[in-house]
Amino acid sequence: MRYPFTEIESRWQEYWENNNVNKTDFSDTAEKLYTLVMFIYPSGAKLHCGHWYNYGPTDSWARYKKLRGYNVFEPMGYDAFGLPAENYAIKTGVHPQDSTMTNIADIRTQLKRIGCMYDWDAELMTCVPEYYKWNQWLFLQLYKKSLAYRKNAPVNWCPSCQTVLANEQVQPDGTCERCGTTVIQKNLTQWFFKITDYAEELLSGLETINWPEKTKLMQRNWIGKSQGAEIYFNVEGSDEKITVFTTRPDTIYGVTYVVLAPEHPLVEKIASPENHEAIRIYREAAAKLNEIDRTSTVREKTGVPIGAMAVNPVNGEKIPVWIADYALLSYGTGCVMAVPGHDERDFEFAKKFNLPIRKVILQKGTEESDELTAAYTETGVMVNSAEFNGTSSDEFKTQSIYHLEKLNAGKKRTTYRLRDWLISRQRYWGTPIPVVHCPVCGEVPVPEDQLPVELPYDIEFKPTGESPLASHHGYINTKCPKCGTDAKRDPDTMDTFVDSSWYYFRYLDPKIANKAFNTELGNKWTPVDMYVGGAEHATMHLLYARFIHKFLRDLGMAGSDEPFQTLRHQGTITNNGAKMSKSKGNVVNPDEFIVKYGSDVFRLYLMFMGPYDMGGDWSDKGITGTDRFMQRSFDMVSEHADSVRAVSAPAKFDIAQLQGAEKNIYRKLNQTLKKYEVELEHFRFNTAIAALMELLNEIKESLGGVSPELRKYTLERYIQMFAPLAPHFGEEAWAMVGNDISLFQKPVWSQVDESALAEDTILYAVQVNGKLRATIPFAVEAGEDEVKSVSKADERVAKFIAGKEIVKEIFVKGKILNIVVR
């Protein structure tokens, strides 16, 4: 009989829903397990293979843990704000709210067909006022603590999307991560969250979480801790000071010029009038470059002098001040002390503009008079450094800071590469920023009792570079909450990463109305025990969520330091080696294969493709093999179900009392169960499935010849292992062999019989002159003499040693016998 997956899958999905099988009892925290996948953006493309690969295997792991006795909470929701819905509205005229809600309804249906253990009572979506009200509340809490602020700054601007991008949303090649357009720099007044206040804690906290090392390294590099000195250079003929940060204070005597970022406000204050025109032209050119271009190590260096001189604080030397686009206002202080003798970038710049190059660190084996043909960046002995000549450069790193402090010309300082989180977006479909701009009072936060500030529905979608909300008179015009004067609302909306920075708390009680989330449940159920999603979020969502979690902890709303204790990344599913995309026409539509094979087979095949963190290559032929595996498993259960339905099996057998096929089946079953537990625990689904396939091959034909009790014992454990991987089949098979209650309603997991794992016999590889001639089984306790005598008598070996002299016999216990003859 063909496995009737359509009927079985719909029946068990209905059963789970009607009987609240996936509902979590939050009062039971003894073995709580909060399992979460990164929630889905509800696009018009619906569920694709990538979603399935994230959701299906993670659910299999969660189901396995449920059978092991854990109280699993596995919710699902929709990251529903965002640019694609708004761009779709510009293109088609369909309102983002309408298209998003339609997509959510369709995706919810698809998600239920996967057969995951989602607790649908916990479902949430970020685009409704009941949710985004609390984004606004979060903004106000950050504002109260001076962690939300507004400033004019050069920002990343996507000309196509007509909006600002955070640094993390600009790809390494300088293009927009969303549309691929080259990003430009633009000066705008924007809102920022002060994530930099948590830089050190974000760094140290990485040591406490079980995340992939590569992801932790990406965050460490993004945070970019640097230790060095802040040094002050006076400006000749001015009261202004140029402040630089350097990790190489030991090279202070080698400074021959200073560089400012072209947009640095000091430039206007200290530049000579005759240089203003050259500065203006250079600034215009620099403004057209993005940060990637400006900091490129291969791009030719450019710059212009501004007609000012700085004074080196340690020797009083006057050195020229330049502007150059490789200095960034947003990095460090926006000022660089240039040491061309010991910095490759400065060396290149000095060579191009004929600026002095001074050696202050002598390389071992060279002379002070030797000309530098390249910057020397390693350690050595100080030269041309006044009273510090002869000191090792490593020692002088510390001494130089002390010397600068004595001169009141500098101090020790730690900086971070991490920038504050730019959250302003000039778009409609996002959380409105809860601030009013009053001509009398200035910047006024909306009072909490007036939240949410709701998005208007009637809106014009035109990509003008300004938020559509700015032209909606009913929305933008308001009264100042403080003085009642006519005022304007802030026209921008928040980065959608704000929505996902705390959503895992909200799942625990998504309908709570009087606060952002249920803090009692939050303290009991967070951090999330297992979080699964794409590695591409390493320096965006995963970093922002850590920051907001720590902030909520500091408000007394979270009892832990981190949001996600364990993190796993899924790999990528390709098609004939190529990444799936609509333009290539190689996207695999899961719905087609679910109709043909069922969702269990589709899930099994995705997991069997390859290691979960690496992904695999889709093959229409490959899924047929997984389908055969399912059919053979169904056939085995069907064949023996009647014979075991009324039978009771013991918890374990005495293997010493078993013989022949019964012993082999019992041992293989327990060996497989042992291996399966290890593989599933570590998300190695492909090897767990391979172990089940091997078990099926060994037991299927001989199962009918064993006692009904052992047959029942074997089938139940086979089904228990199969159920997390193919839950609909697991439930059906569990019922077929005589169990009245759903396996996931009343979880059962059988213990491995450790005494059954050891083999009675062992295979020896028998070689003659290094060539394998036979593989012979021996009792585990067989000694060297027995192995040798039996092996030599075996006809497969005997014919190669007959009439020859045995020169040597190499015996390795439990493995090999090599007979050397001549």
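This is a predicted model: local features need pLDDT of at least 70, side-chain atom pairs count only at pLDDT 80 or more; totals for chains, interfaces and linings use all residues.
1. Helix 21 itself. This helix runs over residues 685-699. It has 15 residues and reaches 21 Å from its first C-alpha to its last, close to the 21 Å expected at 1.5 Å a residue.

2. Burial of helix 21. The buried residues of helix 21 are Phe 685, Asn 686, Ala 688, Ile 689, Ala 691, Leu 692, Met 693, Leu 695, Leu 696 and Ile 699. The cover over these buried residues includes helix 2 (49-67), helix 18 (599-608), helix 19 (622-644), helix 20 (660-681) and helix 22.

3. Helix 20 against helix 21. The axes of helix 20 and helix 21 come within 8 Å and cross at roughly 170°. An angle over 145 degrees counts as roughly antiparallel, and the two helices are therefore roughly antiparallel to each other. On the helix 20 side, the contact is made by Ile 665, Lys 668, Leu 669, Thr 672, Lys 675, Tyr 676, Glu 679 and Leu 680. From helix 21, the residues that meet them are Phe 685, Thr 687, Ala 688, Ala 691, Leu 692, Glu 694, Leu 695, Glu 698 and Ile 699. By class, the residues of this contact are ten nonpolar, two polar and five charged.

4. Helix 21 against helix 22. Helix 22 covers residues 708-725, and helix 21 packs on it at an angle of about 150°, with the axes 11 Å apart. That angle makes helix 21 roughly antiparallel to helix 22. The crossing is left-handed. Helix 21 contributes Phe 685, Ile 689, Leu 692, Leu 695, Leu 696 and Ile 699, which meet Thr 714, Tyr 718, Met 721, Phe 722 and Leu 725 of helix 22. The residues of this contact divide into ten nonpolar, one polar and no charged.

5. Phe 683 sits in the loop between helix 20 and helix 21. Its phi is near 65°, a positive value in a residue other than glycine. Phe 683 counts as buried because its relative accessibility is 4%, and the cut-off for burial is under 20%.

6. Lys 65. This lysine lies in helix 2, one of the helices that cover the buried residues of helix 21. With a relative accessibility of 7%, Lys 65 counts as buried. Leaving aside residues up to four places away in sequence, Lys 65 touches Leu 33, Tyr 70, Val 72 and Glu 681. Glu 681 belongs to helix 20, which spans 660-681.

7. Cis peptide bonds. The bond from Leu 451 to Pro 452 is cis, with omega near 0°. Pro 452 is in the loop between strand 20 (442-445) and helix 13 (473-476). Another cis bond joins Thr 526 and Pro 527, where omega is about 10°. Pro 527 is in the loop between helix 15 (519-525) and strand 24 (530-532).

8. Asn 769. This residue is found in the loop between strand 29 (761-768) and strand 30 (771-779). Asn 769 is not a glycine, yet it has a positive phi of about 50°. With a relative accessible area of 43%, Asn 769 is partly exposed.

Conventions
Residues are numbered from 1 along each chain as its sequence is written. Side-chain values use heavy atoms; hydrogens and water are left out. Axes are lines fitted to C-alpha atoms, for helices over the stretch in contact, and angles run from 0 to 180 degrees between N-to-C directions. Helices (H or I, at least four residues) and strands (E, at least two) are DSSP runs, numbered from the N terminus. Angles under 35 degrees count as roughly parallel, over 145 as roughly antiparallel, 65 to 115 as roughly perpendicular and the rest as oblique. A crossing is left-handed if the near helix is turned anticlockwise from the far one by less than a right angle, and right-handed if clockwise. Contact means heavy atoms within 4.5 Å. Ala, Val, Leu, Ile, Met, Phe, Trp, Tyr, Cys and Pro count as nonpolar, Asp, Glu, Lys and Arg as charged, and the others, Gly among them, as polar. The expected span of a helix is 1.5 Å times one less than its number of residues. Buried means under 20% relative accessible area, exposed over 50%, partly exposed in between (1.4 Å probe, protein chains only).
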